[in-house]
Amino acid sequence: MPRYMWFLIATALLIIGYVVYGKIVEKVFGIRPERATPAHTHADGVDYVTMPQWKLWLIQLLNIAGVGPVFGPIMGALYGPTALIWIVAGTIFAGAVHDYFSGMMSLRYGGANVPEIVGLNLGNTAKWIMRVFAVLLLLLVGVVFATAPAGLLAKLTPESLDFKFWLCVVFAYYFVATLVPIDKLIGRIYPVFGALLLIMAAGITIMLFVTMPEQFYSWAEWGVNQHPKDLPLWPLMFITIACGALSGFHATQSPLMARCVDNEKEGRFVFYGAMVCEGFIGLVWATVGMTFYPDAQALLASINAGTASNVVYETSFALMGGFGGILAILGVVVLPITSGDTAFRAARLTIADILKMPQVQPAKRLLIAVPLFAIGIVLSQIDFNVIWRYFGWSNQTLAGIMFWAAAAYLLRRGKCHWICSLPATFITAASVTYICYEKSMGFGLDIGVSEIIGVVVAVVCLGCLLAFGKKPIEGDDLNL
């Protein structure tokens with residue numbers, strides 16, 4: 001079988017996953033098309049605004065698809081074709097399920113942010129932990145998704161328009177987009193950004209088939225960890241490839257669209273479907289890493305020459321030429337930009353919930369946004385690789401917490417919680433193992449010891465869910 005068939009099979013599985021497993025997830029949740037959604041019951045003209053389903057899907061995709069489904073799969077490709085399995089299986093059984101429940105539970109709870117969702121299902125202590133955790137993650141995301149596009153734009157423009165110039169431009173856009181009503185800026189310009197995104201994904205894929213059909217996965221070997229530095233595949237690959245398979249950041253973004261959904265029956269397409277599309281983007285860039293470069297060492301050398309953005313720059317121009325390469329790079333640039341702006345927006349709304357400060361008046365939005373961006377600008381001066389490691393771990397840890405909340409939500413309602421509790425157990429084990437093993441930001445323990453601790457913590461969490469998950473939580477209406 002030609003190796004390019006791996007890509008076609010993986011793509012087909014993503015589509016089948018949406019059609020089949022997405023329908024199962026929707027049935028387990030139990031949509032109620034007759035229920036009024038928050039876009040109608042809480043309409044305020046700023047954050048609660050009804051929009052067409054196609055636009056909701058596109059905005060959701062651009063909100064969640066930052067540099068994660070590009071940079072993560074590129075770096076994850078160093079481990080070999082196991083990355084493809086994680087992208088496909090992770091998207092279908094974990095990432096898309098996570099995004100669906102974070103969006104639909106927010107919708108049922110009146111457009112609540114992820115800390116409130118967690119609190120209503122895991123208790124008040126968990127809510128406060130998640131509030132702090134979510135704001136910190138959103139700040140890290142906003143910073144990562146500002147520095148990455150600024151670096152790419154600096155490569156495309158004259159030296160006078162350097163990284164600092166573009167960083168200021170990106171932050172200025174984020175500031176404006178964070179403050180204005182969601183349908184006035186984001187709802188209008190995202191279709192243009194979406195066109196660039198589609199050109200990038202389709203163009204890169206087509207040119208791989210046209211110019212390199214025999215090179216597909218040329219050095220990829222199944223069952224072999226091919227990382228040049230011999231880094232352990234478990235758990236590092238599952239932390240590195242986050243947004244292309246499973247990302248807790250998405251739980252902070254889904255409520256933004258939950259406030260704009262007209263009918264609950266749109267949820268599967270908007271939330272589950274957007275994540276499947278992001279999985280495809282991750283599949284494309286993992287394939288680029290294992291196809292364009294002659295071996296894992298060459299891919300690592302390109303990454304070391306300027307982070308994964310250097311791989312994007314090299315491959316886009318090589319595969320699509322001058323004009324096409326620019327369009328492809330701009331397609332990658334819009335991913336972090338369209339996630340960074342909503343990251344700061346979600347941070348503003350989360351802080352507003354903590355302070356109980358309504359956000360209809362512009363002055364109150366400014367009161368939160370100004371210090372928020374001041375902190376973000378300071379963090380942007382820290383080394384990108386350091387920020388990325390913290391982002392990766394906190395991202396998957398938040399995903400685990402959101403999954404435990406969704407599992408408790410289902411368990412108390414007598415529904416099949418395993419569709420959430422099993423991925424929760426898996427990603428909890430990965431996150432705990434990672435922080436125990438990681439030397440620069442974690443405890444630097446032996447990998448064997450770290451794995452044991454990770455498994456034990458995950459199993460204990462599952463045991464706690466089964467033992468205490470049906471306990472009533474104040475404020476949680478079981479009819480929701």
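Thr11 touches Phe280 and Leu283, leaving aside residues up to four places away in sequence, where a contact means heavy atoms within 4.5 Å. The model is a predicted one, in which local features need pLDDT of at least 70 and side-chain atom pairs count only at pLDDT 80 or more, while totals for chains, interfaces and linings use all residues. Residues are numbered from 1 along each chain as its sequence is written, and side-chain values use heavy atoms, with hydrogens and water left out.

Thr11 belongs to helix H1 (residues 4-29); helices (H or I, at least four residues) and strands (E, at least two) are DSSP runs, numbered from the N terminus. Because its relative accessibility is 18%, Thr11 counts as buried, a word that means under 20% relative accessible area, with exposed meaning over 50% and partly exposed lying in between (1.4 Å probe, protein chains only).

Taken as a whole, the protein chain has 18 helices and zero strands. Of its 480 residues, 61% count as buried, and residues 24 or more positions apart account for 84% of the contacts with a separation of 6 or more. The C-alpha atoms fill a box of roughly 55 × 50 × 40 Å along the principal axes.

Helix H4 (residues 68-76) is mostly covered, since nine of its nine residues are buried, among them Pro69, Phe71 and Met75. Helix H15 (residues 362-379) has 18 residues and reaches 25 Å from its first C-alpha to its last, close to the 26 Å expected at 1.5 Å a residue, where the expected span is 1.5 Å times one less than the number of residues. The buried residues of H15 are Arg365, Ile368, Ala369, Leu372, Phe373 and Gly376, and what covers them includes helix H7 (124-156), helix H8 (163-179) and helix H14 (307-355). In an α-helix there are 3.6 residues a turn, so residues three or four places apart point the same way.

The loop between helix H9 (186-211) and H10 holds Tyr217, and Asp230 is found in the loop between H9 and H10 as well.

| Residue | Phi | Relative accessibility | Class |
|---|---|---|---|
| Tyr217 | about 50° | 0% | buried |
| Asp230 | near 55° | 61% | exposed |

Finally, the peptide bond from Trp234 to Pro235 is cis, with omega near 5°, and Pro235 lies in helix H10 (residues 233-240).
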